Amino acid sequence: MATVQAVKTAQAQKQDITLKGSVELVNEYLYYAVNSILYMRGVYPADMFEDVQKYGMCICDAKDDQLKTYLMNVMKWTSDWMMQDVVTGIVLVILNPDTKDVMERWQFEVSCDKPLLDEDSKAKSKLEQRMTVKDIQRQIGAVLKQIVASVSLLPATSLDSVCSFNILVYTKDNLDVPADWQESSAQTIPNAQQLRFRQVHTSVHSVESSVTYRAVDSSL
């Protein structure tokens, strides 16, 4: 009896990733990824961040009230729009504040596995393929480690000066947005190089993460 109960409990846990739960996991990943990048690339001083234990590793979280409030506000709206299945990507753009040149473009492409959101028999037959929260958190931890390690592969001289950043949210439809948000260009980098990271997959959402950066002219 105990063995049967244990199997049933494990199966129930694997069925527990709902749309809301997936949005929360993806949103948390995006929040800590953005924090880690802002810290690693020196966009803000190190003392504006604190170390926290997440995903079996030590990662950065903003402790400056203004920065934290801004990031949490962006993530709140992103979460609301993901619940409506209208978000296709989040992009963190790092710029030279004087020239407005884009130095790095950290992109998180979000897709939704819509059949798993339909309450029909076909979707229900796939429930056993769903992963536990711990499975997904292990994926997130692995990608965050890749992001941290990527610093050694990025141009060391690209961010010597003070930088600024923008966060772009790509959506399928025109939405009502907060008054302090505005339309933006894609802010791309011509003739850029790119690094791709592992995929985060919740069985409801998939996130493809990458960084595009301005290559250093080796002839200089």
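Biologist: In which strand does Ile59 lie?

Modeller: This is a predicted model, in which local features need pLDDT of at least 70, side-chain atom pairs count only at pLDDT 80 or more, and totals for chains, interfaces and linings use all residues. Residues are numbered from 1 along each chain as its sequence is written, and side-chain values use heavy atoms, with hydrogens and water left out. Strands are DSSP runs of E with at least two residues, and helices are runs of H or I with at least four, numbered from the N terminus. On that basis, Ile59 belongs to strand 2 (residues 57-62).

Biologist: Is Ile59 buried or exposed?

Modeller: Buried means under 20% relative accessible area, exposed over 50%, and partly exposed in between (1.4 Å probe, protein chains only). The relative accessibility of Ile59 is 3%, so this residue counts as buried.

Biologist: How far apart in space are Ile59 and Tyr32, C-alpha to C-alpha?

Modeller: Contact means heavy atoms within 4.5 Å. Leaving aside neighbours within four places in sequence, the contacts of Ile59 include Tyr32 and Leu144. Ile59 and Tyr32 are 27 residues apart in sequence, and their C-alpha separation is 7.5 Å.

Biologist: Over how many bridges do strand 6 and strand 7 pair?

Modeller: Gln194 stands opposite Thr212 in strand 7. Strand 7 covers residues 205-213, and its antiparallel pairing with strand 6 runs over seven bridges.

How values were computed
Two strands pair if DSSP finds at least two bridges between them.
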